[in-house]
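Visitor: I would like to learn how to read the features of a model like this one. Could you take me through it step by step?

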Amino acid sequence: MRIHLIAVGQRMPDWVQTAFADYAKRLPNEARLVLVEQPVAHRGKNADIDRLKAAEGEKILKAVPKDAEIIALDERGNLHDTLAWSDALLRWQGSGHDVAMIIGGPDGLAPAVLTAAHQRWSLSPLTLPHPLVRVVVAEQLYRAWSASVGHPYHRA
C-alpha cells in the first residue's frame, strides 16, 4: 500500500524537504509515503479564487490513484488522535488500496475535491502553514505506524 500525499505547492524550504524525507524513509514499504506536488495556480491581482481553486482541484483529482481512499485535510474535518491514525493505517493496509491524503492550496480545497473525499480530517483547530502540514502528516503517519507495531517511538 502507498500513501500518496498530494499537496498543492512546490519549492518548499530545505527544512521541510529534509524533515518530510526523514519521516517518509522511516516508514516500511507496506506503508510507503509518496509526495505528489501540484503547482499553485497563479493568483494575481483581482484573481477569480473560485476558478483557481477549481483548476487546482482538477489537477489534484487527476493525481489520485484509481480506487484510492481519499482523505481531504480540511480545517472543518474530524480531529483524530494518534491511535485513531494508527487504526486507520491498519485498516488501509488491510484493504489493499492506496490512500490519497490531500493538502489544498492557499485558499483551501475545491468543492469537487471535498465531494470526492471519503473522509475529511483536521490536523488541528490551529491554522498551520502548508509546508509544516507536510511534515506533521509525515510524522504522524510514522507515529501511527510505530504505535501499530509497538515501536518505542510512540509512548502513549
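**Reading the sheet, the helices and the rings**

Guide: Let us begin with the sheet: five strands form an open sheet in the order β2-β1-β4-β3-β5, with parallel pairing. Its edge strands are β2 and β5, each of which pairs on one side only. Direction ignored, neighbouring strands of this sheet are turned by 30° against each other on average. This is a predicted model, in which local features need pLDDT of at least 70 and side-chain atom pairs count only at pLDDT 80 or more, while totals for chains, interfaces and linings use all residues. Residues are numbered from 1 along each chain as its sequence is written, and side-chain values use heavy atoms, with hydrogens and water left out.

Visitor: How many bridges join β1 to β2?

Guide: In general, strands of a sheet pair through backbone hydrogen bonds, either parallel or antiparallel. Two strands count as paired if DSSP finds at least two bridges between them; strands (E, at least two residues) and helices (H or I, at least four) are DSSP runs, numbered from the N terminus. Here seven bridges join β1 to β2, and the two run parallel. Alanine 7 stands opposite glutamate 37 in β2.

Visitor: Glutamine 38 also lies in β2. Is glutamine 38 buried or exposed?

Guide: Buried means under 20% relative accessible area, exposed over 50%, and partly exposed in between (1.4 Å probe, protein chains only). Glutamine 38 has a relative accessible area of 11%, so it is buried. Leaving aside neighbours within four places in sequence, its contacts (heavy atoms within 4.5 Å) include Ile6, Ala7, Lys59 and Ala63.

Visitor: Which elements do the buried residues of α5 pack against?

Guide: An α-helix has 3.6 residues a turn, so residues three or four places apart point the same way. In α5 the buried residues include Val133, Val137, Leu141 and Trp145. The buried residues of α5 pack against β1, α1, β2, β3, α3 and β4.

Visitor: How many aromatic pairs does the structure hold?

Guide: A pair of aromatic rings is described by the distance of the centres and the angle of the planes. Rings of Phe, Tyr and Trp (its six-membered ring) pair if their centres lie within 6.5 Å; planes under 30 degrees apart count as stacked, over 60 as edge-to-face and the rest as tilted. The structure holds four such pairs. Tryptophan 85 and tryptophan 121 have ring centres 5.0 Å apart and planes at 55°, so this pair is tilted. Tryptophan 85 lies in helix α3 and tryptophan 121 in strand β5, so the pair ties together parts 36 residues apart in sequence. For tryptophan 92 and tryptophan 121, the centres are 5.8 Å apart and the planes at 25°, so the pair is stacked. Both tryptophan 92 and tryptophan 121 are buried.

Visitor: Which residues do ring pairs link into a cluster?

Guide: Tyr23, Tyr142 and Trp145 are linked in this way.

How values were computed: Axes fitted to C-alpha atoms, helices over the stretch in contact; angles between N-to-C directions.
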